[in-house]
Amino acid sequence: MTDSFLRYLQYEKRYSTHTIEAYQRDLSQLSGYLSQTFEITDFTEANHIHLRGWVVSQIESGVSPRTVNRKIATLKSFYKYLQAREHISNNPATRLKPLKTEKKLPSFVRESEIDVLLDQIEYSDDFEGLRDKLILELLYGTGIRLAELIGLKDQDINVFQENIKVLGKRNKERVIPIGKNLVQLIKSYKEKRQLEDFEEMTPYLVVTNTGQQLYPMFVYRVVQKYLQLVTTLSKKSPHVLRHTFATHLLNKGADLNAVKDLLGHTSLAATQVYTHNSMEKLKSVFEQAHPKA
């Protein structure tokens, strides 16, 4: 039952591997709870009280409200699937309500700090130095996600039209323009990579020191290594550079819909969170410039 649901998420909903693994963990935890607490071994036998009990147990064990809400979303999706397949007649997850969570503004690096990161820090002129700078330039210069960076292939780069093709969530493709400086960096990096004899090892653009495809922790280490030189932000992750990309565009007056498309968001709601940071800048300018502020 869970296997067919997970296949449905993978092949019909086109969810990412990361999301499917999260759903699988949630359902495994629920299965253990139902078995140990109520001696229920079949998901279809659970009712609203059983599911609510599991949610409460997650809260009491210290799971964050944001994570609890994701688990509730798993239950709603799973039982909706079971009902659609006529495994159950009534959906016990319908009445589960998400918890209230504080809306946190995305962390971002200031423009002056980005200038230092990309223009003033000395990167070594060898393969590793150019590769590290390319990782930072791609994340900030295009706003791509970590998984999208890792999956970027040589064939996705069009240096003549100055754009890259990205395979995003749910296998949706989008084309993102890149600047001339990034185009030149890609060319220089590929020349260095060719000298390393990595060409036949992998089709991916950015590779490790041994010529293999990047992996998440590798990218995290590169980003943290350089961000700690320029910012005091507590969170120094690849996603912070994506936040920074969006925030800086909006601060410079970019159209919200255009930023949405560049980020690969399916709706404006996900993009609008960045307008709060832009509004803070507008308020600051207003308070400094307006005679009656």
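The chain has 13 helices and three strands. Helices (H or I, at least four residues) and strands (E, at least two) are DSSP runs, numbered from the N terminus. This is a predicted model, in which local features need pLDDT of at least 70, side-chain atom pairs count only at pLDDT 80 or more, and totals for chains, interfaces and linings use all residues. Residues are numbered from 1 along each chain as its sequence is written, and side-chain values use heavy atoms, with hydrogens and water left out.

Along the principal axes, the C-alpha atoms occupy a box of roughly 65 × 65 × 30 Å. Of the 293 residues, 42% are buried. Buried means under 20% relative accessible area, exposed over 50%, and partly exposed in between (1.4 Å probe, protein chains only). Among contacts (heavy atoms within 4.5 Å) with a separation of 6 or more, 58% join residues 24 or more positions apart.

Helix α2 covers residues 17–38. Its expected span is 1.5 Å times one less than its number of residues. The buried residues of α2 are I20, A22, Y23, D26, L27, L30, Y33 and L34. Seen down the axis, these buried residues fall within an arc of 155 degrees, so they line one face of α2. The arc is that of the directions from the helix axis to the C-beta atoms. The buried residues pack against α1 (2–11), α3 (48–60) and α4 (65–84). On the other side of α2, T17, H18, S28 and Q36 are exposed. Just after the helix, E39 takes a positive phi of about 55 degrees.

T94 lies in the loop between α4 and α5. T94 is partly exposed, with a relative accessible area of 48%. K80 is 14 residues away from T94 along the chain, and their C-alpha atoms are separated by 8.5 Å.

The second largest pocket has a volume of about 340 Å³. A pocket is an open set of points on a 1 Å grid over the protein atoms alone, where a 1.4 Å probe fits, with protein on both sides within 12 Å along at least five of seven lines; lining residues have an atom within 4 Å of a point. Of its 14 lining residues, L118, E137, Y140, N181 and L182 are the closest to the centre of the second largest pocket. Helices α5 (111–120), α6 (127–142) and α8 (180–195) each give two or more residues to this lining. The lining of the second largest pocket comprises six nonpolar, three polar and five charged residues.

Conventions:
Points joined across faces, edges and corners; volume = space filled by probe spheres on them. Nonpolar A, V, L, I, M, F, W, Y, C, P; charged D, E, K, R; others polar.
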